Amino acid sequence: MRIFRDTWLIFERSLTLSLRNPVWVILGVMQPILYLFLFGPLLNNIAKMPGFPPGGAFNVFVPGILVMTALFGSAFVGFGLCDEMREGVVERMTVTPMSRVAMLVGRSLRDVVLLLAQGLILVGLAIPFGLEINVGGVAVAFALLALIGLMMSPVSYTLALVLKSEDSLAPVVNGLTLPLLLLSGVMLPMSLAPDWLQTVAKFNPLYHAVAAIRALFNASFADQEILVGVAVLVVLTIVTITMGARSFARASA
Amino acid sequence: MSAQSNTQPTIETVGLRRTFKGRGGAVEAVAGVDLRVNAGDIFGFLGPNGAGKTTTLRILATLLPPTAGTASVAGFDVARHPRQVRERIGYVAQSGGSYREATGREELIIQGRLFGMSKAEAGRRAVEILAALDLTEAADRTCKTYSGGMRRRLNIGIGMVHRPAVLFLDEPTTGLDPQARARLWEEIRKLRETGTTVFLTTHYLEEADALCDCLAIIDHGRIVAEGSPDDLKREISGDVLTIGVNGNGDQVVKLLSGQPFVREAELDDGLVRLYVDRGEEAVPQVLRLLDAKGLAPSTMDLHRPSLDDVFLKKTGRSLRESAA
Ligand SMILES: Nc1ncnc2c1ncn2[C@@H]1O[C@H](COP(=O)(O)OP(=O)(O)OP(=O)(O)O)[C@@H](O)[C@H]1O
Ligand SMILES: [Mg+2]
């Protein structure tokens, strides 16, 4: 079917081009590595505090870092699209009969592949620090990370198609990612937060993603949070992909 | 399809309008354009900066909805059946198209594949295009290493990969050196042999004259003249034939002014000036007539009106000044 073929073509092209100039991919993994080495050790003492969730310090911290990596790996992808728009690539492809969904999903899948590769590097580096892993749990956790990428990158692409320039895009993306990050319990678990903050955080899809991924890293498969996280991400991903594909279709107008 | 559809023009617009709303008020970029372009023709769209050429082209290429009026391309309405139109056209924008970090070959291949070619087929076609546009050497370098003219040629090649029935070229030769321009003209003429309809915009009168079967002059969003380059020029004034006559001026004027192909003959400073419809046909006739009377001319000079004269007459401005 045309939509699958076109998606594959755009995915393959985007990935080839990203790997040709991998500086962003490398920078994208450097920051979480610094958190891992320079911030993670602080948590060993905090983990003894009351209210800190179960599991070792790194089993609480690494899922948060992974979600942060997935967020940064997808929220800023619109910048690349601005570049392609300026070069006339998007317009040129708009005048082909190719699927508009493929224009979006082909790129988003590239983003997912890159952020999963970054995630694998992080998990590998965290094991010597005391991260305990359970293969089944980690595999499902990575599926959730992929969903975060599929949910966020269409948002970034949509903003890029509307705003058209990096200069207008930067403040909007920053303004969006910072509260998402602060209200997700990425750095410190939200269980340490006052009640009102916990209530606000419940409206943040990433809060549920972090909770689900922590449960998966602890192999607490009966935890309700896993189902909640999956449901929230699946529903929002469908919404954002629909919105993103429409934006590509409308970019032709 | 019915027999009638064969006689329909490949591109047809009726009352096409496009208004842009901006801070400084509304701009009517296209203000009621009616065009008919026949299959297989090279059609030229000539006009100064801001005349509405790109806007019209973008409407025809399904990139921009018209504010009013209709347009059909290759038998399909651009607003109602954009997909069918896209399957049949190639579009080369005024600037851009290829990606900096991709190689020329990659860009040609992906474009072919997006139009449904297999990998092998697209690869073969890329080789053909690269050779035709003199880019074989640079095929596997990234586009950012190309010169401006090379990049322009690649962008044009990308628009032709899938052998579209209708090819839109927005100022295809701007920024090309004379040799590359001549080469591209050749490629565009070759497209005529394969039945491709080409719709191109240009500022260059020579280009419209050399390349186009038919052209329309657009100014302030309106078509001010339309026809073949020769028709348009003839409409202005006809050709001017200047003859050196060795002091036999009066006799020559008397002889020639009675001929049916001569509009007017006048003697001016030892030279006879003839206004004729078709200079190329008048020359041998004049020679024959003068020879028969033993009045062989010393010199003959044929001046043909240029498209610039046409533009001047229709708009009151010179295209060269407007474009500068
Ligand atoms: N997206 C837009 N928004 C607002 N105004 C526009 C837009 N695109 C074109 N215009 C205006 O419409 C008019 C026609 O522009 P157009 O690009 O069609 O001219 P053109 O004939 O292609 O000129 P050039 O020879 O310089 O390429 C200009 O006044 C231009 O400023
Ligand atoms: Mg233009």
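**Helix 6 of chain B and the spaces around it**

Good morning. The buried residues of helix 6 of chain B pack against helix 6 of chain A and, within chain B, against strand 6, helix 4, helix 5 (119-132), strand 7 (166-170) and helix 7 (178-193). This is a predicted model, in which local features need pLDDT of at least 70 and side-chain atom pairs count only at pLDDT 80 or more, while totals for chains, interfaces and linings use all residues. Residues are numbered from 1 along each chain as its sequence is written, chains are lettered from A and ligands numbered from 1 in the order in which they are written, and side-chain values use heavy atoms, with hydrogens and water left out.

Some terms first. Helices (H or I, at least four residues) and strands (E, at least two) are DSSP runs, numbered from the N terminus. A residue is buried under 20% relative accessible area, exposed over 50%, and partly exposed in between, using a 1.4 Å probe and protein chains only. Contact means heavy atoms within 4.5 Å.

Let me begin with the helix itself. Helix 6 of chain B has 13 residues and spans 19 Å from its first C-alpha to its last, close to the 18 Å expected at 1.5 Å a residue; that expectation is 1.5 Å times one less than the number of residues. How many of its 13 residues are buried? The count is 12, and the helix is mostly covered. Among them are Met150(B), Leu154(B), Asn155(B) and Ile158(B).

Leaving aside residues up to four places away in sequence, Asn155(B) touches Val92(B), Gly96(B), Gly97(B) and Ser98(B).

Rolling a probe the size of a water molecule over the atoms shows where empty space is left. On a 1 Å grid over the protein atoms alone, a cavity is a set of points where a 1.4 Å probe fits but cannot get out; a pocket is an open set with protein on both sides within 12 Å along at least five of seven lines; and lining residues have an atom within 4 Å of a point. Grid points are joined across faces, edges and corners, and a volume is the space filled by probe spheres set on the points.

By this rule there are 3 cavities of 30 Å³ or more. The largest cavity holds about 100 Å³. Its lining includes Gly88(A), Glu91(A) and Arg92(A) from chain A, and Val92(B), Gly96(B), Gly97(B) and Asn155(B) from chain B. Which element gives the most to this lining? Helix 6 of chain B does, with 3 residues. The lining divides into 4 nonpolar, 6 polar and 2 charged residues. In this classification, Ala, Val, Leu, Ile, Met, Phe, Trp, Tyr, Cys and Pro count as nonpolar, Asp, Glu, Lys and Arg as charged, and the others, Gly among them, as polar.

The second largest cavity has a volume of about 50 Å³. Residues of both chains line it, including Arg92(A), Val95(A), Tyr91(B), Phe115(B) and Ile158(B). Here strand 6 of chain B supplies the largest share, 3 residues.

The open pockets come next. The largest pocket contains about 1000 Å³ of space. Of its 32 lining residues, Trp24(A), Val25(A), Phe76(A), Val77(A) and Gly80(A) lie nearest the centre. By class, the lining has 15 nonpolar, 9 polar and 8 charged residues. The second largest pocket, at about 470 Å³, is lined by 20 residues.

Next, the metal site. The protein donors of the magnesium ion (ligand 2) are Thr54(B), through OG1, and Gln94(B), through OE1, at 1.9 to 2.2 Å. Thr54(B) lies in helix 2 (residues 53-60) of chain B and Gln94(B) in the loop between strand 6 (89-92) and helix 4 (104-114), so the pair ties together parts that are 40 residues apart in sequence. Donors are N, O and S atoms within 2.8 Å of the metal (3.2 Å for Na, K and Ca); water is not among the atoms, so sites may look incomplete. Thr54(B) is partly exposed at 24% relative accessibility, and Gln94(B) is partly exposed at 36%.

Lastly, the backbone. Glu171(B) has a positive phi near 50° and is buried, at 7%. His220(B) also has a positive phi near 50° but is exposed, at 57%. Thank you.
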